[in-house]
Amino acid sequence: MTVTIPLIRAAAIVPAIRWLDANKRSVSMMLDKADLAYVRTSHPNNPIPLLNAVEFLRDIVRQEGPDTGCRIVSSISMYELAFIGRVALGGLTIRNAMERVVDAIPNHCTHEIISVQDVGGAFRIREEWLLTFDDEALHIIHQFFTAILHSLFRMTGLKPPIIDTVAMCPHPEHGLEHLQPWLGETIMASGGPYVDICISQTAANTPLRLRQPSETEKFQFKGIEPLTRNDTLTDSVMV
């Protein structure tokens, strides 16, 4: 029997590491608590255990507040995501960027699924998982994912609000109200363990206006190498 180990590129938590450091929190303590003391922002494309990455984000949110996922994300977060960020930033429009991400996501994470679809007059982006997470973890993941995409959407130069609707898992204690200042009042509970982000067709087809990060904002990136013979981020063990 072959079991796939859940992995994700270390870049997925680099924005959180940067935020902790900028706010004078103990990065080493938080990484060590999640058994990720070996993670280095200078090697963002190294694979790390997905479940540990989720626990790292959960620990931060429990310490800093339920909207921390949105507060972590900044205008440079897409650049901090290394491989998958470069894939998105290679797109000409939001639609093209997300289509590229859909194709590349197996090289970023073993158990994450991203899909795009035209639904009526909207362009829908959905993220879901091949793992079962509790509602607290899902809320944190959905919030962080939505905030990251929102930072990409703003690169179009369109005036807010750019997002029409967001459907995600509510926080088991705080619900969704705490995210309205960040994501608008159209945020609602999703009907399952996924997050749906809908924008207009006009927004989806608007060209991205990319800026180059300054030298202090750049993280080392030397390209991506396949981790297995099938060129996907899948590591398997026989049990």
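Student: What volume does the largest cavity have?

Tutor: The largest cavity of this predicted model has a volume of about 390 Å³. A cavity is a set of points, on a 1 Å grid over the protein atoms alone, where a 1.4 Å probe fits but cannot get out. Grid points are joined across faces, edges and corners, and the volume is the space filled by probe spheres set on the points.

Student: And how many cavities of 30 Å³ or more are there?

Tutor: The count comes to one cavity of 30 Å³ or more.

Student: Which residues are closest to the centre of the largest cavity?

Tutor: The lining has 25 residues, and H108, E112, E127, F144 and F145 are the closest to the centre; a lining residue has an atom within 4 Å of a point. Two or more lining residues come from each of helix 3, helix 6, helix 7, strand 4, strand 5 and helix 8. Helices (H or I, at least four residues) and strands (E, at least two) are DSSP runs, numbered from the N terminus.

Student: Which element gives the most to that lining, and what kinds of residues are in it?

Tutor: Helix 8 gives the most, with six residues. The lining as a whole divides into 22 nonpolar, one polar and two charged residues, where Ala, Val, Leu, Ile, Met, Phe, Trp, Tyr, Cys and Pro count as nonpolar, Asp, Glu, Lys and Arg as charged, and the others, Gly among them, as polar.

Student: Before we move on, how should I read the numbering and the confidence?

Tutor: Residues are numbered from 1 along each chain as its sequence is written, and side-chain values use heavy atoms, with hydrogens and water left out. Since the model is predicted, local features need pLDDT of at least 70 and side-chain atom pairs count only at pLDDT 80 or more, while totals for chains, interfaces and linings use all residues.

Student: Back to the helices, then. At what angle do helix 6 and helix 7 pack?

Tutor: Helix 6 (residues 82-89) and helix 7 (residues 94-104) pack at about 145 degrees, with their axes 7 Å apart. The axes are lines fitted to C-alpha atoms, for helices over the stretch in contact, and angles run from 0 to 180 degrees between N-to-C directions.

Student: Which residues meet there?

Tutor: From helix 6, F83, I84, R86, V87 and A88 meet A97, R100, V101 and A104 of helix 7, a contact being heavy atoms within 4.5 Å. These residues divide into seven nonpolar, no polar and two charged.

Student: Which residues of helix 7 are buried, and what covers them?

Tutor: I94, R95, A97, M98, V101 and A104 in helix 7 are buried, where buried means under 20% relative accessible area, exposed over 50% and partly exposed in between, with a 1.4 Å probe and protein chains only. Their cover includes helix 6, strand 4 (112-119), strand 5 (122-129), helix 8 (135-153), strand 8 (195-200) and helix 10 (201-204).

Student: Changing topic, what does W19 touch?

Tutor: W19, which is found in helix 1, touches I60, E64, T68, R71 and I72, not counting residues up to four places away in sequence. W19 and I72 are 53 residues apart in sequence, while their C-alpha atoms are 5.6 Å apart in space.

Student: Is W19 buried or exposed?

Tutor: W19 counts as buried because its relative accessible area is 8%.

Student: And E64, where is that, and what does it touch?

Tutor: E64 is found in helix 3 (residues 50-64), and E64 touches W19, R25 and R71, again leaving out residues up to four places away in sequence. With a relative accessible area of 16%, E64 is buried.

Student: How about P15, what is it in contact with?

Tutor: P15 lies in helix 1 (residues 14-22) and is buried, with a relative accessible area of 0%. Leaving aside neighbours within four places in sequence, P15 is in contact with I72, S77, E80, L81 and F144.

Student: Which peptide bond is cis?

Tutor: The bond from P160 to P161 is cis, with omega near 0 degrees, and P161 lies in the loop between helix 8 and strand 6 (163-168).

Technical notes. On a 1 Å grid over the protein atoms alone, a cavity is a set of points where a 1.4 Å probe fits but cannot get out, and a pocket is an open set with protein on both sides within 12 Å along at least five of seven lines; lining residues have an atom within 4 Å of a point.
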